[in-house]
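Biologist: Could you walk me through this structure, please? I would like to start with how the chains meet and then look at one residue.

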Amino acid sequence: MAQTIRILSAALCGTLALAGSVLAQEDAPSTQPGARQYSPYPAQTFPNRVFFGDTHLHTSYSTDAGMIGNTLGPEEAYRFARGETVKSSTGLLARLPRPLDFLVVADHAESLGAAPAIAKSDPVILETEFGRKLVEFVKAGKPDAAYDLWLKAGMENKNPLAGELRLIRPAWQHMTKMADQYNEPGRFTAFIGYEWSAHPSGNNLHRVVVLRDAQDKANQVVPISRDDTVDPEKLWEWMAAYEQKTGGKVLAIPHNGNLSNGLMFDDVTLTSKKPLDRDYAQRRMRWEPIYEVTQMKGDGEAHPLLSTRDEFADFERWDRGSFGAQPKTKDMLPREYAREALKRGLAYEAKLGVNPFKFGIIGSTDSHTSLAATTEDNYFGKVVALEPSPDPIRFEEVIAGRPAPKGSQMFARQVSASGLAAVWARDNTREALWDAMARKEVYATTGTRLRVRVFGGFDFSAADLQRSDFAEQGYKRGVPMGGDLEAAPAGKTPALLIQAVRDPDAANLDRIQVVKGWLDSAGKTQEKVYDVAWSGGRKPGKDGKLPAVGNTVNVKEASYTNAIGAPFLTAHWKDPGFDPKQRAFYYVRVLEIPTPRWTTFDAKYFGVALPKDVPASIQERAYTSPIWYTPGT
Amino acid sequence: VKKEFSADEAYVGIMEIVKGKRTCIMKRLNVCLAAVMTTTLASGVVAQENAAVTDIGAINAEAAAKAFPKRGFSPYAGRNYPTRVFWGDQHVHTGWSADAGAFGNTLGPEEALRFARGEQVMSSLGEPAKLSRPLDWVAVTDHSDAAGTIFEVKAGNPTLMTDPLIKRWHDMMNAGQGVQAASEMIKAQSNNQIPAALKDPKLARSVWQKNTSIMEKYNEPGRFTAFIGYEWTSNAGGGDNLHRNVIYRDGKDKADQAIPMTTFDSENPEDLWKWMAAWEAKTGGSLLAIPHNGNLSNGKMFAPNTFLGNPLTREWAETRARWEPMYEITQIKGDGETQPTLSPTDEFANFEKWDQANLAGVPKKPGMLEREYARQALKEGLKLERTLGVNPFKFGFVSGTDTHTALATAEEDNFFGKHTGVEPMPERWKHAVIQTPQVNVVGWQMSAAGYTGVWATENTREALWDALKRKEAYSTTGPRITVRFFGGWDFDAQDAQTRMPAEAGYAKGVPMGGDLRQAPAGKSPTFLVAALKDPLSGNLDRIQIIKGWMDAKGELQEKVYDVAWSGDRRPGVDGKLPAIGNTVDVANAIWTNTIGTSELIAVWKDPDFDPALRAFYYGRVIEIPTPRWTAYDAKRFGIQMPREVPMTIQERAYTSPIWYTP
C-alpha cells in the first residue's frame, strides 16, 4: 500500500500545473498535493469555513459606556456573543439568533479603568479632586455631569487620570484575563484588543488594535491611548515595539473614515503634513491590512457623490460632519470612503511603488452596550440610553456633530444595525482567524450571515463554478479574496468565480455585483459596478441596469417573505474591460432582498411612528475584500 | 411559584416612572438605572425552563402561547425551541471492541473522540485520517462483551499476566503477532475457553471506569458532547442481529455505578430493558437504547412475538417504546429504510441493500424481510397499536457508522471502512465481508454511512439526549443536510416563504417525532418541510413525504409523494417525477452542481387523508448523484471494478416521523 501511495503522490506532483502568473501570497494557505494520502482532509489546509464575529465591541470598561449606564463588563459581552441570554443594562433580556464565533472586546484605551474604578469607588480614583467628583456625580445618579466633566478635561488635555497606570493596568489585565478565560480554541475565539481613539478636532482616526496573543504577552504592555498620541504613525511605533518586546503579533483596524472629515485616507501625514511616501505606505500596510467598512455609525463603502452611477451607493450614509464642530464639505469625501481609497491606492502605488490603501474589508458593530447584536429585529442601540424603548430619544438623540452648526448632526434613528466581520479559516482559533485577517481573507456584512466566496485567476471557466471541488480548484488555480493577481499571461483575462449563499435565518439574495476600480492609461482612477448574477428572470434594461428585485416588506407588520430573490447565486465573471497594463482591483458586493430596517421593527414593537427620514426597508449586503491586479514590469 | 416576568413588563415599570417627562438622554438613563436597580433586579426575571415543547397534541392557541411566551424586545431571548442541528455518530467502535481489536484496530476511545472532534489521527494502518469538519458529538459504543480486554492484555495488566495463556497472548501482541493473538482470544471466547481472569467483573469494571473517564475528559458542554454508551450485542444465538446501543444521559458518577450488561448475562432484549430500568432506579439517571441492522436479524428485529416466542402484549409494547425511541436506519452494513420487494412502487427503495442473510451468513427465508425494515415496522406499529393499545414500533430515525476503525467517517470521499481489515487499500472493494456457501457480501457493498442530525437548543449531553428521546432528530447517509419537518393542521404556502420556517413550524404544529391527534372537522394534516444542502456535498434533487397508514380494512398501506423538487421537471403520466440526471465524472470522481438546487421548501397537504385512519408521515430528502466511495477508491488506487459495483449514489436524509392518531 505504501508503494501505491508513493506512486500516486508522484503522479499528482507531476500533473499539477502551477500557474506561474498567480502570485501566491506569503503565508497563504494551499493544498499540498504531494502530501495527499487517502483521506483528502489531512493535506487540506485551505479555509473551508466562515466564522462570524465582531471586532469592535465596547463594554462597561469603556469610559463612554461604563460611566453612563453600561453595567455589563467583558464577561457579559463574551457570554452574549457566545449565544447566552444576558440581561441588558436597562434590564431587557437579550440574546443572539445564533452564537458568534469570535469577539474582540475593544474598550477605549482612554482613561481605561476609570469606569470600573468609579463603580467600586477605588481608592486610586478618590485621590484626586477630579476623580472624587466623577464618583460623586455617578453615585448621585448624575452620570451626565460626570461624563461632561471627563470629556471637557480630555479636550483640554487636563485629564488627571490620563496615563494613571494604577487604574489602567488592573483594567487591562482584567480584560486580558477574561479574554483568555472565554477563549476556547475550536469553539469560540476571544481576542485581546482595545480601541485607540484619536480624533483630532473631533475628526475620527480611531483604530481597533487586535492582538494574536494571550495575556502572557499582552500583560507586558498597557494600551496606548490618544492621551499619549493622536498620530497613527505613533500607534504603529507602539505596535512595532509590542512585537519587538513580546514576540507577539498585532494589527490595527481603522474605522469611520466617514467621520474623519478627510483625515482617514488623507494625502498627507497627520503631524508633519508631508505627502505620503513609500515608507509611510509600507508601514501603513504592515500594520493595517484591513478596514472596518460598515458599522453602527454608517456605511463607508461608497458615497453617491463619488460613485454617481452606483444605484446602491446611498446606503446608511453618515456624511454631515464628524464628532467635532467642522461640517462636512464635498472635497473631504474622496479621503473618507473605502472604494475611493482603494482607487487612490492604485495611483499611489503607480507613483510610490507601494499602495498605502491596499486593505481588506470587514464590518463590526462599535456597540457600547456590550451586546454585539447586528440583526435589524434585535437592535439594542448604540449606547445604553438608546436601548430598546418607546422613548423618543431612541430615534431623536444626537449621536454625532453635537458642537457643529445645525444641519451637521446625525441622529439615533440614523444609526445602522450593522455589521459583522466574516473570516475564512479552517479552525476557530486566535491564530487561524488573526492570520486570515492579516492576509485579508475576510469580508464585511451589514449584520446578516450571508456567505460569499470569491476566487480570481486567469484560467477559470464557467464549469469550475459548479465543480464538487470548487474551493480546492479555487485555491490551486487562483487566489481568494484579499489576494493578488500579477502580470496577466498574453491574451488572458482575469476571471472571478463567485458563490453566495443567503443567511439561513434571513433573506434571499437579490444579486451579486463585481465592483472594479482601476487606474486608466491617463493615470486617472475609474470604477464600474457590474451585475454578475441575480435572481429570477430579470433582464437588464437599455441603460444596462438590472430591474429592482421588488419588495415584500410589510411595513406595518415589520415582516417580509422570501417569495422573491434566490437562496444561492453563483457567477463566473470575466472582466470585459481588462487591460493587462492597468492596475485594478475587484471586489464583490452581494445584496439581499429588501427587509425591514430596525426602525420599522421598533415602530411595530413599541407602536411608535416610523421616522420619516430613514427608509422603512433596506437591502442588507456583504462586501468582500478585493483581489488586486498588478501589471508585470 | 415562579413568576414569569417579561422584559416588556420590566420596561413598562420603567416607563411608569418616566411618564410625563420628556427626558433628555441622561435623565432617562438615570431613571432607567434607578428603576432597574430597585425593581427589575429585585423581581428576578425567570428564564423559561421548559425544553422545546413537542408532543403538544391538538394544536390550539393556548398550546401555542405556552410554546411562545409573550416575548420581550429581543426575539431570541426566551426562544425555547431548538434552532441548531448538531451532527454526530452514535455508533463508533474502537480497538476496545474485541472484534475490532482482533482485526488490528490499535486505536482506543481517546483517538475516536479526538478524530470526531476534528483532529488528525493516524489510522491503525498508518494512514493519516481527518474529518472534513468536526462532528458535534459522538457516542463510543464498544461491545460490552469483553470490552477492552485485548488492550488490557496488550498493555500487560498485572492481574492478567499471572495467567500463562494470557501472558502468551501479551507476548505475541508485543512481538508483532497482534492479529493472531486476538484471533486466538476470540476463538477461545466463542468456545467458552476464555481464561477466567478475563471474565472477572473487576476487569470489566476497571475497563468501564477507564472508558467513562475518557468520555468525561472529552465531553465539553457547549462545544462537544461525548456520550457515555456501549453496545449490547445480542445475536440471538446464531447471528440474528438484535444489537442495541445503550446511550447514557448522565456522567461518570452515575455510569460507574454499574458495569454494562453483556450478552453473557442475556441475549434477550427484554432483559436489557430490565437492566436499564434497574439502572435508572438505582442511579436516578436516564438511558435509552437504539437497535440497528434489522436487515441482518433474519426477521427478528420487528418480530410479531417476543424473544421467547410469546405473543406481544401491551406491557411489552409499552416497555419497548419506553426504552427504544430511536432506530438506527442506515449505517455501513446497509440501509434499513425499506426494501424493493416491500415497497415495489418506490423507485428509491433499492438503496445500499444488505438483504441476503444474517450476520452469520444464514440466508433469508420468505417472510423475514417484512420484519426487518423500518418503514414496514412503522406500519406494523399502527396495527399493533390498534390491537395492543400501544404502538411498540413508534420510533424516530438516527444513523451511525458502526465503524470498527474508531474513525467515524461517513463521507464518500473519506471512507475508512467497516474495520481495520478494510481500511483504504486497493483490494478492499473485493474483500469478503460475509462469506458462506450460500452468501457472499463483498467489500464494495459497504455503505459509507451515516450521521445523525439532532435538533437541540445547545450542545450538551442533556439537550442532545432529550432530543433523541423526543425523536427530534434525523438520519442521513453521510452529508450534513439540514432538514426541518413540521406537521399541523393550518400550514399554508406563506409559511414556506417566511425566513424562519421553525417559527411557523413550532407555533402551528409539531416537529419531527411529534404527534397529531383528532383531526379538526374538515381538516387534513399539512406539513412544512425544508431542506438545505450540505455545503460540501451535492445539490438537492427532491423532498418526498412518505405516508404509511392502516386502511379501513386493517390493511397496511404506504405511498411516496414528491413534494418539492429542483428545476421545472413535471411528473409524467405515471405520476413519477423524471430523474434529476447525473453529472458524475466517475473516472475523476468528481461531479458538478449544475443540476439540483441548494434549498427546497414546501407546504404539503395530505390529499388522501381520512381522519378515521391511523397514519405516519416522514420526510425523505434526496441529493443529486455524487461519486460513491468506490469511485474514489477506483480513482485513487487506479483500479477497475466490475460493472456491478455502483459508482454513484444519491445520498439522502430520513426525518423522524410524525404520527396521526384518530
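**Where the chains meet**

Modeller: This is a predicted model, and the contact in it draws 68 residues from chain B and 72 residues from chain A.

Biologist: How much area do chain B and chain A bury between them?

Modeller: The two chains bury about 6,100 Å² between them, and 59% of that lies on carbon and sulfur atoms.

Biologist: And which side chains meet in a salt bridge?

Modeller: The rule finds one salt bridge across the interface of chain B and chain A, where the side chains of A:R502 and B:E599 come together at 2.6 Å, N to O. There are also 21 residue pairs in polar contact between chain B and chain A, counted with both residues at pLDDT 80 or more.

Biologist: Which element gives the largest share of chain B's side?

Modeller: That is α2(B), which supplies 10 residues of the side of chain B that touches chain A. Sorted by class, that side of chain B has 34 nonpolar, 17 polar and 17 charged residues.

Biologist: Changing topic, where is B:A146 found?

Modeller: B:A146 sits in the loop between β4 (137-140) and α6 (149-155) of chain B.

Biologist: Is B:A146 buried or exposed?

Modeller: B:A146 has a relative accessible area of 15%, and because the cut-off for buried is under 20%, B:A146 counts as buried.

Biologist: What is B:A146 in contact with, leaving aside its neighbours within four places in sequence?

Modeller: With those neighbours left aside, B:A146 is in contact with B:W96, B:A98, B:Q189 and B:F264. The C-alpha atoms of B:A146 and B:T262 are separated by 8.4 Å, although these two residues are 116 residues apart along the chain.

Notes
Residues are numbered from 1 along each chain as its sequence is written. Chains are lettered from A and ligands numbered from 1 in the order in which they are written. This is a predicted model: local features need pLDDT of at least 70, side-chain atom pairs count only at pLDDT 80 or more; totals for chains, interfaces and linings use all residues. Side-chain values use heavy atoms; hydrogens and water are left out. Contact means heavy atoms within 4.5 Å. Buried area is the accessible area (1.4 Å probe) that two parts lose on being put together, summed over both. A salt bridge is a side-chain nitrogen of Lys or Arg within 4 Å of a carboxyl oxygen of Asp or Glu. A polar contact is a pair of N or O atoms within 3.5 Å; within protein, one must be able to donate a hydrogen and the other to accept it, and residues adjacent in sequence count only if both atoms are side-chain atoms. Helices (H or I, at least four residues) and strands (E, at least two) are DSSP runs, numbered from the N terminus. Ala, Val, Leu, Ile, Met, Phe, Trp, Tyr, Cys and Pro count as nonpolar, Asp, Glu, Lys and Arg as charged, and the others, Gly among them, as polar. Buried means under 20% relative accessible area, exposed over 50%, partly exposed in between (1.4 Å probe, protein chains only).
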